[in-house]
Amino acid sequence: NGREVFRHAVQKISGVIEETLVMTGYAADEIDLYIPDQANKRILDGIAKKLNVAPEKIIMTLDRHGNTS
């Protein structure tokens, strides 16, 4: 169920970030860097798109460390 896992991961991680932004009063573009779980590149790209932030703001270490969960 790869598509469902992808959708679920992007929605849940983005949702937690959005809730945190609301609680702290910050806007997504005010955050310099996001450091999410390193599951896979497509999920990280999906999070950036859902949050409407530049992909460069999402730290990606998959190429050096693999999945860190």
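Let's start with a pair of side chains: D45 and K41 meet in a salt bridge, 2.7 Å from N to O. By salt bridge I mean a side-chain nitrogen of Lys or Arg within 4 Å of a carboxyl oxygen of Asp or Glu. Both residues lie in helix α2, four residues apart, about one turn of the helix. D45 is partly exposed, at 31% relative accessibility. K41 is partly exposed too, at 46%. The cut-offs: buried is under 20% relative accessible area, exposed is over 50%, and partly exposed is in between, with a 1.4 Å probe and protein chains only.

A word on the model. It is predicted, so local features need pLDDT of at least 70, side-chain atom pairs count only at pLDDT 80 or more, and totals for chains, interfaces and linings use all residues. Residues are numbered from 1 along each chain as its sequence is written, and side-chain values use heavy atoms, with hydrogens and water left out.

How many salt bridges does a search of the whole structure find? Two. Besides D45 and K41, there is R7 with E4, at 2.6 Å, N to O. These residues sit three apart in helix α1, residues 2-24, separated by about one helical turn. R7 is partly exposed at 38%, and E4 is partly exposed at 40%.

Now the fold. The protein has three helices and zero strands. From the N terminus, the order is α-α-α. Helices here are DSSP runs of H or I, at least four residues; strands are E runs of at least two; numbering goes from the N terminus.

Next, one backbone detail. N52 has a positive phi of about 60 degrees, although it is not a glycine. Where is N52 placed? In the loop between α2 (41-51) and α3 (62-65). N52 is exposed, with a relative accessible area of 68%.

On to overall dimensions. Along the principal axes, the C-alpha atoms fill a box of roughly 35 × 25 × 20 Å. Buried residues make up 29% of the 69.

Last, contacts, meaning heavy atoms within 4.5 Å. Among those between residues at least 6 apart in sequence, 51% join residues at least 24 apart. That's the tour.
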